[in-house]
Number of protein chains: 4
Amino acid sequence: MTASHRPPLKIGIAGLGRLGKRHAEQIALRTRGAELVSACSPVAAELGWARESLGVQTLHEDFAAFVRDPQLDAVVLVTPTSLHADQTIAALEAGKHVFVEKPLALNVEDCERVERVAARRPDLVAMVGFVRRFDPSYARAADDIAAGAIGRPFVVRSQTCDQNDPDGFFVRFAPTSGGIFMDCSVHDIDLARWLLGKPRATRAFASGTIALHEGLRPLGDVDNGMAIVEFEGGQRAVLYASRTFAHGHDTQTEIIGTAGQLLVGQGGARDRVVTSDANGVHRQSVADFFERFGIAFEREMQSFVACCRGEQAMSLELSDATQATRIGLAITRSLHSGQPEPV
Amino acid sequence: MTASHRPPLKIGIAGLGRLGKRHAEQIALRTRGAELVSACSPVAAELGWARESLGVQTLHEDFAAFVRDPQLDAVVLVTPTSLHADQTIAALEAGKHVFVEKPLALNVEDCERVERVAARRPDLVAMVGFVRRFDPSYARAADDIAAGAIGRPFVVRSQTCDQNDPDGFFVRFAPTSGGIFMDCSVHDIDLARWLLGKPRATRAFASGTIALHEGLRPLGDVDNGMAIVEFEGGQRAVLYASRTFAHGHDTQTEIIGTAGQLLVGQGGARDRVVTSDANGVHRQSVADFFERFGIAFEREMQSFVACCRGEQAMSLELSDATQATRIGLAITRSLHSGQPEPV
Amino acid sequence: MTASHRPPLKIGIAGLGRLGKRHAEQIALRTRGAELVSACSPVAAELGWARESLGVQTLHEDFAAFVRDPQLDAVVLVTPTSLHADQTIAALEAGKHVFVEKPLALNVEDCERVERVAARRPDLVAMVGFVRRFDPSYARAADDIAAGAIGRPFVVRSQTCDQNDPDGFFVRFAPTSGGIFMDCSVHDIDLARWLLGKPRATRAFASGTIALHEGLRPLGDVDNGMAIVEFEGGQRAVLYASRTFAHGHDTQTEIIGTAGQLLVGQGGARDRVVTSDANGVHRQSVADFFERFGIAFEREMQSFVACCRGEQAMSLELSDATQATRIGLAITRSLHSGQPEPV
Amino acid sequence: MTASHRPPLKIGIAGLGRLGKRHAEQIALRTRGAELVSACSPVAAELGWARESLGVQTLHEDFAAFVRDPQLDAVVLVTPTSLHADQTIAALEAGKHVFVEKPLALNVEDCERVERVAARRPDLVAMVGFVRRFDPSYARAADDIAAGAIGRPFVVRSQTCDQNDPDGFFVRFAPTSGGIFMDCSVHDIDLARWLLGKPRATRAFASGTIALHEGLRPLGDVDNGMAIVEFEGGQRAVLYASRTFAHGHDTQTEIIGTAGQLLVGQGGARDRVVTSDANGVHRQSVADFFERFGIAFEREMQSFVACCRGEQAMSLELSDATQATRIGLAITRSLHSGQPEPV
């Protein structure tokens, strides 16, 4: 019996907010070898959506009951960040593979607790959702670097910039997001480590400003922030995060090496259409990270399922998530202290 | 019961060459609401592949038996062009929905025979594979034009240019392909008609040259051809087809209107990576139409299935295929006669 | 005494319309080794401008007197096309170097008359203003082709497209312009011949349409035209000319060879600024050919002066202008006859 | 008598190294209203070049004699940075207009000494060579910002990156250059101040690495450096400088505002040619800042002459140079101390 004929991986999802719904649809409708059999949410309407739209049969309000369900092979956690660590541990202890959205936690201790539990269950997959690694362009960049296309990479410049939301939804979300760097830049941090060959970070310096959303000021957060991260081998990362871009979601990453450089994603073109009219020659940009990384979300979940089924080795490790959190926290401390902070 | 919970559409595929295999994988692995239950090929190895790789249970060497299989709801025909018309008719007469690859036929009479049979079975879907209409960029261009973004469109310039195959595989295929314009430009012709609002074509003029593949000369074919098509309302199409491009597959289309223009697909960028090195600033292009139109193939099959299941109305009509063939033939006659030919 | 210390070339200009004024300023203010000493125009205000703005001392209403002025070394003719041939001959017979704007004439006989007179004065420079050859990008393309960068070039696609002038100034000018192909495409024809290695043209086919300017219909002219030119060695040119572009002046040329292709000028970017805002990511285009070819006009005049002073050999020959006219006329005949016309 | 007919400004140039020669040719051959009448250099061969190539009649080895020459209206100083301040003062005291290359000095005290002297001679022009302000693209960006195109600008990201010189010429030059930030980033600092509306800088943080040129290590310099500058109103600048780029000289600047952003110069395209071949789709980049800013150098000198002749008001002020030096020094201190430094 070939891989594709084996029984599907039975997955339960916890958390059905905006991103949770995307993952749920992904698993139910577009992931080979997987079946979405269960959902967990404290919100009745969300559970109703899972049943009506996706035909999910088993519905839970209570996470503890959800995670113990013996029919489940794996759980996908798209819950608030503050719950990630404990829920991941509970799932591993219940013998389930786990996919958990980034960041793994807002402190290093929680990350390390998860790592310790996971170390005792090497038979289980525990994967953090650094979705950009599954984007075809980032994947090609990594392959090209590994093949020596740019010599030795030594600087990464990376940005995560969201289109401005005049309603400032994220301001209300800010108290629990960990701040702009933990929320947005954690992806760039993971990319920088990955593409630079995982050097050890030593120091971080950050600065920031509020361009539009004064509601962030009492929280100590900013809507535009920049940071420099120093690594042991002399490598450097320069990060930028913004909540206030006018033209769309613009995630881009530049990797500079001794023999060349790669630029991934510049401008965030929505598609292959160029319009020329009285306003000049123009392209539309993607509206948000869902649109930019739609294919990456597909490939990410496909990869998780393949790992759970033993068809593929894990490329993402839990320690990557711990390191991303560690660096993100140092950057955030620097934003508050005004001084470079040790990682 | 919502749409997604209904029993899947049972599909059989005939023809398992390079493109046939892609369609088969598509249906078996990535098309919601469909099941690939049967395959037909005169080549035993191809049937073996369908069984081994995709788990297809019912296998036929004989098309007549294949098409009469009562379990089938629909057939997908990826057979040689010369068989398209008769097989489509046979399938319709057997009460099956039909998806048939382009071109529908190499003569207008065959196209019209199919149209007549299809007219007697309005309950069945008969769709020709003009895959570019399902590409997100072409789809957006069509939407923008419909919304008036470029005023009244009056010129389409469109090219289908393949990367040179030094082995000249297509030369061996040329005797049955109908020539470069029927094989490549038929897509551009359909795009031009679609994006110009389906005006009636009146005349065509073509010219061509052999840049590399002298083996085409005895066949009256060329490896680079250009044509001008005139439409009744004054619209014009300028077409270009090449078998000899150096940098990759480069399909692009420009639609010029009274208030602006749209350019779709220029350069055929493979992904979002730009490399800067001692050779300058460069991008890779897609290697072939599979890579360029991978997502369009997915959306095309998804749309066919949705039409068969009554969830979506057909946008592609058989008469579109007839008109594309009619124009393609006039262009081809002009290449041979050296004179403009009436459509 | 080195070149730069020799006495300047004394130039007179005839014709002080829009383009004439540009040339006059060019010569007076930005051309090394040249001095603008005389001007000729039937329009008193234009002569006044030359005296006031540029300090030109000698002013003529009468061309015959102008051209005989013994102080002149060279004349620059920016007069109506119908006068080009006779004035060029008069200047050569008066012993002056001549720079004459394109096209040299609207019939081949006039071109050949000029060629014959010029052949008797090999000591004099006679240069036609195919300004694009002096554009740095076109010059680099020619160099690259000569160096084999794209193998053997066999197709040129070239367009000259002007931003729409809602006032339709060019409609009033149309009766004497020779039509869209003689007025606009003559540049593309010269580029195609130059970049393809000057093969002999054999046939031309043209088509066209009126998108906006109905005033052209009684004149047999169009505001958008396309043509295919066939050359003896199998090379082909595909030309496009438009008067109705929305985004600006967009002159571009693609040269396709057996090993690659060059694209010059696409989109007509005005400068190096990219703006990203609520309208997407956009660039401005140049407004007109003055803006696009400003530097080329400088280099062209500098080259003319250098040729006159014997510091540089002529690259442009009068026969190039004759051939461009010959091909342009065949295209224009084809537009009217609807049939391919021999060149 | 109109402006263009007045006697030319008589200019003397001091310093005839690589950049000095460019300025000398510029003045002698391409600057309207100016005449290069004198040159000063301690190197006999350079003076010989000025006489032979440009016909300069008056030649000095001694600066004191050069600057007192009564025939001179203005001097252009392209001498080593350490001499800029004293020579500028000497020229002003001799009653000459002064153009001096950037940076004005490597310490703030010298800048302020020059400012004090200049304040006593408001009749004289004293201009520092921030050439990028005269680049058409930067000029258009400034105009667009002034017109409100991007709302309120609050972040500038700017880089000056040179193509790697394997011979490491700049390493030998490093001991007197002031380091990578004073040598390269001083332009970006001036651009940032200019485009942000000249806010007061408060702090700077820098980091850097040596990618290729170990010879810099004993000097405390780096070949790749990045910095964050904080301004009083919350504006931020992020700077990057590199000596090791593979593809060419790549100067680019991004100005981010509350309603959009401008990107100037990205990729440093050499011209309008795009090549597509077996290596993909590629463009060449400019080789160095001369090629990138050739037109800006012309416009800069033209502007200096126009200011001296009273035809134009100065836009660049000496205090801009002082501020650029002040910020550059704070960045350099931070590179050495590892801590943010007050400006």
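Modeller: Let us begin with how the copies are related. This is a predicted model, and in it a rotation of 180 degrees with 0.0 Å of shift along its axis superposes chain A on chain D, with an RMSD of 0.0 Å. The C-alpha of A:Gln339 is the one in chain A nearest the axis, 3.5 Å from it. Both copies use the same surface, since 100% of the contact residues of chain A recur in chain D.

Biologist: What rotation superposes chain B on chain C?

Modeller: Chain B is superposed on chain C by a rotation of 180 degrees, with 0.0 Å of shift along its axis and an RMSD of 0.0 Å. That is therefore the relation of a two-fold axis. Among the residues of chain B, B:Gln339 comes closest to the rotation axis, at 3.5 Å for its C-alpha. Because 100% of the interface residues of chain B are also interface residues in chain C, the copies meet through the same surface.

Biologist: How is the extent of an interface expressed, and how much area do chain A and chain D bury between them?

Modeller: The size of an interface is often given as the accessible area lost when the parts come together. Between chain A and chain D about 2800 Å² is buried, and 58% of this lies on carbon and sulfur atoms. The residues of chain A that lose the most area to chain D are A:Phe205, A:Met226 and A:Ile228, which together account for 17% of what that side buries. In terms of contacts, 36 residues of chain A face 36 residues of chain D.

Biologist: How many salt bridges and how many polar contacts are counted between chain A and chain D?

Modeller: The number of salt bridges between chain A and chain D is zero, whereas 14 residue pairs are in polar contact, both residues being at pLDDT 80 or more. As for the elements involved, β7 (153-163), β8 (201-209), β9 (224-231), β10 (236-245) and β12 (260-264) of chain A each supply at least two residues of the side that touches chain D. Sorted by class, that side of chain A comprises 17 nonpolar, 14 polar and five charged residues.

Biologist: Which residues of chain B lose the most area to chain C?

Modeller: Chain B and chain C bury about 2800 Å², with carbon and sulfur atoms giving 58% of it. In chain B the greatest losses to chain C fall on B:Phe205, B:Met226 and B:Ile228, together 17% of what that side buries. The contact draws 36 residues from chain B and 36 residues from chain C. Zero salt bridges are counted between chain B and chain C, and 14 residue pairs, both at pLDDT 80 or more, are in polar contact.

Biologist: Let us turn to the record. Which residues of chain A does UniProt list for its domains?

Modeller: An unreviewed UniProt entry lists "domain: Gfo/Idh/MocA-like oxidoreductase N-terminal" at residues 9-127 of chain A. That span is 47% helix and 22% strand, and its end C-alpha atoms are 16 Å apart. The annotation "domain: GFO/IDH/MocA-like oxidoreductase", also from an unreviewed UniProt entry, covers residues 139-262 of chain A. Residues 139-262 are 27% helix and 38% strand, with end C-alpha atoms 12 Å apart.

Biologist: How many salt bridges does the structure hold over all chains?

Modeller: Over all chains there are 96 salt bridges. One of them joins the side chains of A:Asp86 and A:Arg113, at 2.8 Å from N to O. This pair links distant parts of the chain, 27 residues apart: A:Asp86 lies in helix α4 (residues 81-93) and A:Arg113 in helix α5 (residues 108-120) of chain A.

How values were computed:
Residues are numbered from 1 along each chain as its sequence is written. Chains are lettered from A and ligands numbered from 1 in the order in which they are written. This is a predicted model: local features need pLDDT of at least 70, side-chain atom pairs count only at pLDDT 80 or more; totals for chains, interfaces and linings use all residues. Side-chain values use heavy atoms; hydrogens and water are left out. UniProt positions are given in the numbering used here, feature names are shortened, and annotations may be inferred rather than shown by experiment. Helices (H or I, at least four residues) and strands (E, at least two) are DSSP runs, numbered from the N terminus. Contact means heavy atoms within 4.5 Å. Buried area is the accessible area (1.4 Å probe) that two parts lose on being put together, summed over both. A salt bridge is a side-chain nitrogen of Lys or Arg within 4 Å of a carboxyl oxygen of Asp or Glu. A polar contact is a pair of N or O atoms within 3.5 Å; within protein, one must be able to donate a hydrogen and the other to accept it, and residues adjacent in sequence count only if both atoms are side-chain atoms. Ala, Val, Leu, Ile, Met, Phe, Trp, Tyr, Cys and Pro count as nonpolar, Asp, Glu, Lys and Arg as charged, and the others, Gly among them, as polar. Copies are superposed by least squares on the C-alpha atoms of residues with pLDDT of at least 70 in both.
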